[in-house]
Number of protein chains: 2
Amino acid sequence: MRKRSRNHESIMKIAVIGLGRAGLPLAGLIADNGFKVIGVDVDERRCGDINSGKNPIPEERGLDKLLEDHGGKNLFATMNYEDAEECNVYIVIVPLFTDKNKNPDFRILEDAFRSIGKILKKCDLVVLETSVPPMTTELSVREWLEEESGLKLGEFYLAYSPERIMTGYSVSRLKEFPKIVGGVDKESGLNALEVYRNFVPNLHLVSSARVAEFIKLIEGCYRDVNIALANELFKIANELEIEFYEAREYANHEYCHIHLPSTGVGGHCIPVYPWFLIKEMEKRGKIGCVRLMRAARELNDEMVDYWAERIVMDCVKIDKRLNEVKICIKGITFREGVKELYNSRNLALARLLMKKGLNVYVYDELLSKDEIETRGLKWIEAKDADIVFDAFELKFGGWNERGG
Amino acid sequence: MRKRSRNHESIMKIAVIGLGRAGLPLAGLIADNGFKVIGVDVDERRCGDINSGKNPIPEERGLDKLLEDHGGKNLFATMNYEDAEECNVYIVIVPLFTDKNKNPDFRILEDAFRSIGKILKKCDLVVLETSVPPMTTELSVREWLEEESGLKLGEFYLAYSPERIMTGYSVSRLKEFPKIVGGVDKESGLNALEVYRNFVPNLHLVSSARVAEFIKLIEGCYRDVNIALANELFKIANELEIEFYEAREYANHEYCHIHLPSTGVGGHCIPVYPWFLIKEMEKRGKIGCVRLMRAARELNDEMVDYWAERIVMDCVKIDKRLNEVKICIKGITFREGVKELYNSRNLALARLLMKKGLNVYVYDELLSKDEIETRGLKWIEAKDADIVFDAFELKFGGWNERGG
């Protein structure tokens, strides 16, 4: 790891826009490397927590310590971009959502960059870390910044460096995992590389922001397609009365990485990135170019139908009217151990069964009875249900069969 | 590695049916472990070569030595099953082809097992190694053996153990790579495990022949789908003017294994196995269960159309009438360094361009001018062509541009 120079330390002041699961660990880590960090976030309570050294994302390993050490000191959180006007580096990690047609909704991103544009000064560096459709940085972001600042690219620097965190392990990821940087022009790339070197040890400069954007998306596409393949093979194995997990165990080796089957793919990332490429290709009339990714997306999304059918068929074993069978979906958070419901396919499964008129309950270790009921769901302890579907293990069991 | 017992050595005599790329290295390895092996093959010349210690597959590393040491001695090759009638273990690795509708053509397999059935004795063990559709061993193979031998399963043992060779490296694969064994019944599995232990060090017993068959197929499906994904991403990158190989280099890490793009998938294995599952599911009316694999298959097969179009567009640079441009397809063998044309997609590409009326030539380091011309193709040295398409590198180049 190349250590920051005294020189940098004295002049660099870094703003991190967006203090969520990706932004906050990065902001903490930069502060931990001796830099003054201004964090900007729309959530007033979160800013207050951070400034009093309290970690708003407790499941993020190592973040407690970073915030305890730097919150309200080296790392100051604020809702006002004006507080960041003395910064010379702006790193943006705000969410990019998609609308109901799977098109990206750039409003949050645009707002962040236009706000930065208003305080942007000559020689400042702006880096986007949010995963975005290809060419967002060189086209939209550049335009937003130029329009608001009155500066032209070349007077400021613009680069892209995808966050590659894994929720729960973001701090160690930043310290260990290879990170990519690509500039909108050559100077921007070199500039971003020089800055990030101060707090990211495993850093690689690629030839452009566009390549860096693409790298992040195709990682997600690899995952999505391979989860779809696992789901397809799982269904085939079930039809052939083969124990899928046994087959998977022995099929996987150095050259074979069959993923785990699931109820689909949840969260902000993997189910969204393929759409960025699919929609871009569709815009260009190249529908044939994204057939596989589209098939994978559909297949993963339709896994809730597959599981709903299997759960209904499992009700046959219970000596009750179908709509009286107490069905418990165990585990609705997005991944085991991560308290996040965005795009939860297990939640979608519960709602689908409810829509079919079944008597559906939910249990999740990370959610209280209250937290479940405020979402319009019924809470139950697994032992009181007739059928328990363990949404992470993909296993059925009445409580008694499972032996308590 | 558990060493064979003296006891086994004295009583075990093993027949290997099919002395091709998979069978011959196995037969050699068994002989090298001190067992008497009878190899059965339909190719008289090949049998003669083997018995005189000559290696008919020179590119197979380590096979020269095995045949020099054991050919005609511990390993005796023959066309007659009668010569194997004193064997008590029969291992079958004959090819299974598919017809033009992608259905398996079992004739060679059936013939082999019916021939074994005629000489099968009580307590003999039969093992299939050819990759087959699920349940082939427990249904078809069992039936063929029982019909011809008059014995019932239980009086003989039947198992499945997929070959997992990689052409060119089969001998070392057998010595190092995990090998799977699964029995049609419990006794058969244990029996096969005990036998294979004598010459395969890294051996695992799975719960059934069916699971073992499935394991081999899903490895191939993983490869096929991931090659299709690489091809799809390659096309997208090209559309977006992104250097795919740069993106791939940085996208790949511990959790991401994006494959290499290509002109499709050739050979006997990967392009065939998905069809075994697709056809089986179609027979069961479960078409929706194989959508992803089917999309992948189509995508890979259609890569020749994609490349044909790009090659035609590359001809624009040449100041000649389109049908006079000398196009050289460089590399038509199935994989670099393996002299095998079965299912070669690069050959398919050459033929497709010829059909379009273009002036197509072929060059391949492993094939002489004669070997190319007897296939109805025109031979050229790359330096004499106007456009060279390197089918392994997926790169274009007029000879002059490439600097000779």
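**Figure 1. The buried residues of helix α11 in chain B.** In this predicted model, the buried residues of α11(B) are B:Tyr273, B:Pro274, B:Trp275, B:Phe276, B:Leu277, B:Ile278, B:Glu280 and B:Met281. Helix α11 of chain B spans residues 273-283, and eight of its 11 residues are buried, so the helix is largely enclosed by the rest of the structure. What lies over these buried residues? The cover includes β5 (97-98), β6 (104-105), α9 (209-239) and α12 (291-301) of chain B, together with α9 (209-239) of chain A. If you follow the chain past α11(B), you come to B:Gly285, which has a positive phi, near 70°.

**Figure 2. The open sheet of chain B.** Here eight strands of chain B line up in the order β3-β2-β1-β4-β7-β8-β9-β10, forming an open sheet with mixed pairing. Which strands sit at the edges? They are β3 (75-78) and β10 (203-206) of chain B, each of which pairs on one side only. From one strand to the next, the twist averages 25°.

Figure 3. Take a look at the pair formed by β1 (residues 13-17) and β2 (residues 36-40) of chain B: the two strands run parallel and are joined by five bridges. B:Val16 has B:Gly39 of β2(B) standing opposite. The helix α9(B) packs on the sheet, where β8 (157-160), β9 (179-183) and β10 of chain B are the strands touched. The direction of α9(B) makes about 145° with that of β9(B).

Figure 4. Chain A is superposed on chain B by a rotation of 180° with 0.0 Å of shift along the axis, giving an RMSD of 0.0 Å. This is the relation of a two-fold axis. Which residue of chain A comes closest to the rotation axis? That is A:Leu292, whose C-alpha is at 3.4 Å. The same surface serves both copies, since 100% of the contact residues of chain A recur in chain B.

**Figure 5. The side of chain A that touches chain B.** The contact takes 46 residues from chain A and 46 residues from chain B. On the chain A side, β10 (203-206), α9, α10 (244-251), α11 (273-283) and α12 (291-301) each supply at least two residues. Which of the elements gives the most? It is α9(A), with 17 residues. By residue type, the side of chain A that touches chain B divides into 32 nonpolar, four polar and 10 charged residues.

How values were computed:
Residues are numbered from 1 along each chain as its sequence is written. Chains are lettered from A and ligands numbered from 1 in the order in which they are written. This is a predicted model: local features need pLDDT of at least 70, side-chain atom pairs count only at pLDDT 80 or more; totals for chains, interfaces and linings use all residues. A residue is buried if 20 or more other C-beta atoms lie within 10 Å of its own, exposed if 12 or fewer, and partly exposed in between; C-beta atoms are placed from the backbone. Helices (H or I, at least four residues) and strands (E, at least two) are DSSP runs, numbered from the N terminus. Two residues are in contact if their C-beta atoms, placed from the backbone, lie within 7 Å. Two strands pair if DSSP finds at least two bridges between them. Axes are lines fitted to C-alpha atoms, for helices over the stretch in contact, and angles run from 0 to 180 degrees between N-to-C directions. Copies are superposed by least squares on the C-alpha atoms of residues with pLDDT of at least 70 in both. Ala, Val, Leu, Ile, Met, Phe, Trp, Tyr, Cys and Pro count as nonpolar, Asp, Glu, Lys and Arg as charged, and the others, Gly among them, as polar.
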